[in-house]
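Please keep the sequence and the coordinates at hand while reading.

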Amino acid sequence: MSKAKLIIQDKVPEAWIDYNGHMNDAEYVRAFSWGVDQFMNEIGMTEDFLAKSKYTIYTMENHICYLDEMKLDEPFEVFMNVIDYDIKRVHLFFELYGEDGKRAATSEQLLMGINQEEGKASPFPEEIFNHIEELATKHKPAEKPKEVGRVIGIRKKK
């Protein structure tokens, strides 16, 4: 059984605190964006690689669930799982945990490989694809998290 990969350990800075006295919703997005940056480094898409190859990753879709508040200076960790992938897309799932194992937010993301010279979707370079496959082998959840594929809507009582 594979488990989520720890990719970020940090604490909530003062700049992330809003008028409600807890972490602003946009900062959860920032934390998960850092997660994508870490994912890119994990698969070999370093700044040097990006500059030389003119190949990058774009976020095509992002769905965040806010589950609990995060406070000033609270330590947090971001974990990542690979839900699915193909030759030019990868479906990731991130979880943000606060103190004492508090599950504070999730982010489901669909990323796509982009050839920057052509400005369009393009298959991952072979070495990058191989790293994605390796991560997926090690960090794919045994069961799909309940937030994956979730649809936003107001549930009507019958």
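Does Phe79 count as buried or exposed? In this predicted model, Phe79 has a relative accessibility of 18% and therefore counts as buried, the cut-off being under 20%.

## Overall architecture

The chain contains three helices and six strands, and when it is read along the sequence these elements follow the pattern β-α-α-β-β-β-β-β-α. Its radius of gyration is 17 Å, which agrees with the value near 15 Å that a compact globule of 158 residues would have. Taken along the principal axes, the box filled by the C-alpha atoms is roughly 45 × 45 × 35 Å.

Of the 158 residues, 42% count as buried, and the accessible surface of the chain comes to about 9,600 Å², with 48% of that area belonging to carbon and sulfur atoms. Among the contacts between residues at least 6 apart in sequence, 69% join residues that are at least 24 apart.

## Aromatic pairs

A search of the whole structure finds seven aromatic pairs. One of them is formed by Trp16 and Trp34, whose ring centres lie 5.3 Å apart with the planes at 50°, so the pair is tilted. Because Trp16 lies in the loop between strand E1 (5–11) and helix H1 (25–42), while Trp34 belongs to helix H1, the pair ties together parts that are 18 residues apart in sequence. Trp16 is buried, with a relative accessible area of 5%, whereas Trp34 is partly exposed, with a relative accessible area of 32%. Trp16 and Trp34 also form one aromatic cluster together with Phe76.

Phe79 pairs with Tyr97: the centres of the two rings are 5.7 Å apart and their planes stand at 90°, so this pair is edge-to-face. The pair links distant parts of the chain, since Phe79 is in strand E3 (residues 75–85) and Tyr97 is in strand E4 (residues 89–97), at a separation of 18 residues.

## Helix H3 and its buried face

Helix H3 (residues 126–138) has 13 residues and reaches 19 Å from its first C-alpha to its last, which is close to the 18 Å expected at 1.5 Å a residue. Within H3, the residues Ile128, Phe129, Ile132, Leu135 and Ala136 are buried. Seen down the axis of H3, its buried residues fall within an arc of 120°, so they line one face of the helix. An α-helix has 3.6 residues a turn, so residues three or four places apart point the same way.

The buried residues of H3 pack against E1, H1, helix H2 (47–53), E3 and E4. The face of H3 that is turned away from this buried side carries the exposed residues Glu126 and Thr137.

## The surroundings of Gly113

Gly113 is found in strand E5 (residues 103–115) and is buried, with a relative accessible area of 0%. Which residues does Gly113 touch, not counting residues up to four places away in sequence? With that exclusion, Gly113 touches Tyr55, Thr56, Ile57, Lys88, Lys120, Ala121, Ser122 and Phe124. The C-alpha atom of Gly113 is separated by 18 Å from that of Asn81, which lies 32 residues apart from Gly113 along the chain.

Technical notes: Residues are numbered from 1 along each chain as its sequence is written. This is a predicted model: local features need pLDDT of at least 70, side-chain atom pairs count only at pLDDT 80 or more; totals for chains, interfaces and linings use all residues. Side-chain values use heavy atoms; hydrogens and water are left out. Rings of Phe, Tyr and Trp (its six-membered ring) pair if their centres lie within 6.5 Å; planes under 30 degrees apart count as stacked, over 60 as edge-to-face and the rest as tilted. Helices (H or I, at least four residues) and strands (E, at least two) are DSSP runs, numbered from the N terminus. Buried means under 20% relative accessible area, exposed over 50%, partly exposed in between (1.4 Å probe, protein chains only). The expected span of a helix is 1.5 Å times one less than its number of residues. The arc is that of the directions from the helix axis to the C-beta atoms. Contact means heavy atoms within 4.5 Å. The radius of gyration is taken over C-alpha atoms; the globule rule is 2.2 Å times the number of residues to the power 0.38. Accessible areas come from the Shrake-Rupley method with a 1.4 Å probe; for residues, only the protein chains shown count as cover.
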